[in-house]
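Subject: Structure handover

Hello,

Please find the structure below. My notes on what was found in it follow.

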Amino acid sequence: MRMRFLAPLVLSAIFLASCGGGKDSNSEKKEEAASSETPVDNSMVKAGAAEAAASKGAALIEQKDCKTCHKVDMKLVGPAYKDVAKKYEATDANIDMLVDKVIKGGSGNWGEVAMLPHADLPKDDAKEMVKYILSLR
């Protein structure tokens with residue numbers, strides 16, 4: 001009777017041992033890939049500055065109604081954010097112009113459908129949102 005309970009236990013132990021002991025081969029490949037990357041010199045960039053600005057703009061977009069008409073990669077009612085980034089270089093003049101468009105609304109640049117005005121949106125928030133969109137190049 002003991003043999004009836006012992007046999008499945010022994011077979012299970014042998015099966016588990018033959019499977020490699022639980023070590024994930026994908027984790028080894030990831031470690032190799034991470035260690036072979038070329039280091040980047042970020043000495044002139046404040047740590048996390050670009051990510052902080054992008055994440056603030058992205059967070060503001062998430063809070064507003066922007067996703068009703070826009071997506072990052074594809075045209076919906078309005079243009080895709082990446083298409084806007086391709087069309088407009090991230091200059092101060094373009095950023096100011098796009099901030100005004102977001103706040104005042106308008107049509108004609110991307111078709112006949114007008115973008116609704118967002119008059120209650122603070123200019124600083126609109127600027128962060130536009131900077132994020134233009135960073136999606």
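Two salt bridges are counted in this predicted model, a salt bridge being a side-chain nitrogen of Lys or Arg within 4 Å of a carboxyl oxygen of Asp or Glu. One joins Glu62 to Lys67, with 3.3 Å between the closest N and O atoms. Glu62 is exposed at 51% relative accessibility, and Lys67 is partly exposed at 46%. For these labels, buried means under 20% relative accessible area, exposed over 50%, and partly exposed in between, with a 1.4 Å probe and protein chains only. Asp73 and Lys82 form a salt bridge through their side chains, at 3.2 Å from N to O. Asp73 is exposed at 58% relative accessibility, while Lys82 is partly exposed at 33%.

As to conventions, residues are numbered from 1 along each chain as its sequence is written, and side-chain values use heavy atoms, with hydrogens and water left out. Since the model is predicted, local features need pLDDT of at least 70 and side-chain atom pairs count only at pLDDT 80 or more, whereas totals for chains, interfaces and linings use all residues.

Fold. The chain has six helices and zero strands; helices (H or I, at least four residues) and strands (E, at least two) are DSSP runs, numbered from the N terminus. Of its 137 residues, 21% count as buried. Taking contacts between residues at least 6 apart in sequence, 49% join residues at least 24 apart, where contact means heavy atoms within 4.5 Å.

Core. The largest nonpolar core has 19 residues, and Ile61, Val130 and Leu134 touch the most other members. Such a core is a set of buried Ala, Val, Leu, Ile, Met, Phe, Trp, Tyr and Cys residues joined through side-chain atoms within 4.5 Å. At least two of the core residues come from each of α3 (49-63), α4 (81-87), α5 (92-104) and α6 (123-134). The largest share, six residues, is supplied by α6. Leaving aside neighbours within four places in sequence, Ile61 is in contact with Cys66, Lys67, Tyr81, Met129, Tyr132 and Ile133.

The largest pocket holds about 690 Å³ of space. The search uses a 1 Å grid over the protein atoms alone; a pocket is an open set of points where a 1.4 Å probe fits, with protein on both sides within 12 Å along at least five of seven lines, and lining residues have an atom within 4 Å of a point. Grid points are joined across faces, edges and corners, and the volume is the space filled by probe spheres set on the points. There are 36 lining residues, and His70, Gly78, Pro79, Val102 and Met115 lie nearest the centre. By class, 21 are nonpolar, 10 polar and five charged. In this count Ala, Val, Leu, Ile, Met, Phe, Trp, Tyr, Cys and Pro are nonpolar, Asp, Glu, Lys and Arg charged, and the others, Gly among them, polar. The helices α4, α5 and α6 each supply at least two lining residues, and α6 gives the most, with five.

Loop between α5 and α6. This loop contains Ala119, which is exposed at 67% relative accessible area. From Ala119 to Val102 the C-alpha distance is 8.5 Å, at 17 residues apart in sequence. Asp120 lies in the loop as well and is exposed at 72%. Asp120 and Ile103 are 17 residues apart in sequence, with their C-alpha atoms 7.7 Å apart.

Regards
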